[in-house]
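I opened my notebook to record what I looked up in this structure. The entries follow in the order I made them.

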Amino acid sequence: MGLLTVVWPRSEYRDDRVFGELAASPLVDQIILICPNRIATKNPKTVVLTADRPVSGDCVMRALEAARSEWILWIAPDARFEFGPNMLTRFAEVLQDTGAGWIYSDYRLNREGAVSNHPTIDYQLGSVRDTFDFGPIVGISRRRAIEAMERYGRLSDTRWAGFYELRLMMSLGQLPLRLAEPLYTVSHSDARSATEKHFDYCDPRNSDVQREMEAVLTQHLRRLGAYLEPSFKPMPRSDAAFPVTASVVIPVRNREKTIADAVGSLLKQETSFSFNILIVDNHSTDGTTSILRSLAGKHSSIHHLIPESRHLGIGGCWNFAVLSEHCGRYAVQLDSDDLYAGPDTLQRMVDMLQAGPYAMVVGSYRVVDFQLNELPPGVIDHREWSRENGRNNLLRVNGMGAPRGFDTSVLRCNLMPDVSYGEDYAVALRISRLYEIGRIYEPLYLCRRWEGNTDASLPVETANRHDLYKDRLRTIEIMARRRLNNHVG
């Protein structure tokens, strides 16, 4: 008898080559097809479940109950892939040898005939985002899945988050195990840009999906002991003297094409308070330094700062500015290739910081090209944020938006990690652990995408490094919140 039950949601039944290989394999005891309509199949190994939403809580539980093997190979809906020569054997033997509850592997990606390796990353405590890339094929222990539901309850009545909830529930007993081996080849079919896919969770068309995912994540944090109630620490009183009310901080390196425009948008700001501009020139090697010297010579509000260290990341440059004698009562962000959308951006940010009073305020932005034409997905306003649960849901999503403004006294006690990716996310997680964060949902900021932008389409190794780092930040934050809750208790 075979060792594996294969679960495969498919929009329609097709007796294609991959299905034939699964049916013919002596390792496969059963194939559960999840289809929207009842279909007839002559294959004796095949069982058909009818369901419109194959990742709903109900459908996932039905598939687990129908499986007759201990080990399940779960395939993503309508996945297009080819077996590697050892895929089924490897999944089966690792599930047996380790007793793991959930395993996944690296894979290869076929883009119009060009095949490349697509490594995944290791799972950790903080890998709680619903976008974690397991690849389209995972191995699951049916016994461990049932045990998890016996301990924590059956899956919720969700339409889209059943598989996500199962994974989080099973991870409480044992983290998913990665096989650093490419076991199959996936045919790439999503033609959207990385930027568009990155912001799926901000798309209002996906709001119902996101609410389900948030509810599942929130319950997971409760079980972990890392959930935070919507009660916040009062803002600390500061007796420090500040030279101005606000400082706009711009870390920059080699942005001769964009820095003058960024500064120009600041010089147009109309405010009822004093402000200055702190530009941390991270030892640029193009014409950026000359441009900044010229601008600083013409405008007394501009402080052109060059740190002694030549090894600072963006976070380190921020810390250099915030700790300097020039920093104002509030510190507000502008990236060196972006723009403030209008002359009232800084006024609105500071007004909100003062009104809260908040430790941090985050606005909204519009994605544009170099000529300021709007690009998909358009306005990013992060309306998934809520006062009641925003800081918990922040552990699921990848960011908060822009521009970001800080109470300088709080930021000086919660400095950014000295890295050039995720530094803003790290400080937002840490500050939100204790203090309330304010939001502005109208676009105040223009985020430019161009060929020199660091957010352009990234190779998989870089994207993995970024994802691994943010998951590590989530791991640290979950540990910290558990300690905080234990201390409070």
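**Entry 1: the cores**

I began with the largest nonpolar core, which has 74 residues; Trp74, Trp102, Ile140, Leu166 and Ile431 touch the most other members. I note that the model is predicted. There is also a second, separate core of 33 residues, and I found Ala246, Val252, Phe275 and Tyr358 among its members. In soluble globular proteins, nonpolar side chains tend to be buried together.

I then picked Trp102 and asked which residues it touches, leaving out those up to four places away in sequence. I wrote down Phe134, Val138, Gly139, Ile140, Phe163, Leu166, Arg167, Met170, Pro176 and Leu177.

**Entry 2: strand E1**

Next I turned to strand E1, residues 4–9. Is E1 mostly covered or mostly uncovered? I found it mostly covered, with six of its six residues buried.

I also looked up which way the residues point. Leu4, Val6 and Trp8 point one way from E1, while Thr5, Val7 and Pro9 point the other way. Both sets are buried. In a regular strand the side chains alternate between the two faces of the sheet.

Then I checked the partners of E1. Strand E2, residues 28–35, runs parallel to E1 and is joined to it by six bridges. In this pairing, Pro9 stands opposite Ile34 of E2. Strand E4, residues 71–75, also runs parallel to E1, and four bridges join the two. Here I noted Ile72 of E4 as the bridge partner of Thr5.

**Entry 3: helix H5 and its contacts**

I looked up helix H5, residues 162–171, against helix H2, residues 57–66. Their axes come within 7 Å and cross at roughly 65°. On the H2 side the contact is made by Gly57, Val60 and Leu64, and on the H5 side by Gly162, Phe163 and Leu166. I sorted these contact residues into four nonpolar, two polar and no charged.

How do the axes of H5 and helix H7, residues 207–224, cross? They come within 10 Å and cross at roughly 10°. The angle is under 35 degrees, and H5 and H7 are therefore roughly parallel to each other. From H5 I listed Tyr164, Glu165, Leu168, Met169 and Ser171 in this contact, and from H7 Met213, Val216, Leu217, His220 and Arg223. The contact of H5 with H7 divides into six nonpolar, two polar and two charged residues.

Note on methods:
Residues are numbered from 1 along each chain as its sequence is written. This is a predicted model: local features need pLDDT of at least 70, side-chain atom pairs count only at pLDDT 80 or more; totals for chains, interfaces and linings use all residues. Side-chain values use heavy atoms; hydrogens and water are left out. Axes are lines fitted to C-alpha atoms, for helices over the stretch in contact, and angles run from 0 to 180 degrees between N-to-C directions. Contact means heavy atoms within 4.5 Å. Ala, Val, Leu, Ile, Met, Phe, Trp, Tyr, Cys and Pro count as nonpolar, Asp, Glu, Lys and Arg as charged, and the others, Gly among them, as polar. Buried means under 20% relative accessible area, exposed over 50%, partly exposed in between (1.4 Å probe, protein chains only). Two strands pair if DSSP finds at least two bridges between them. A nonpolar core is a set of buried Ala, Val, Leu, Ile, Met, Phe, Trp, Tyr and Cys residues joined through side-chain atoms within 4.5 Å. Angles under 35 degrees count as roughly parallel, over 145 as roughly antiparallel, 65 to 115 as roughly perpendicular and the rest as oblique.
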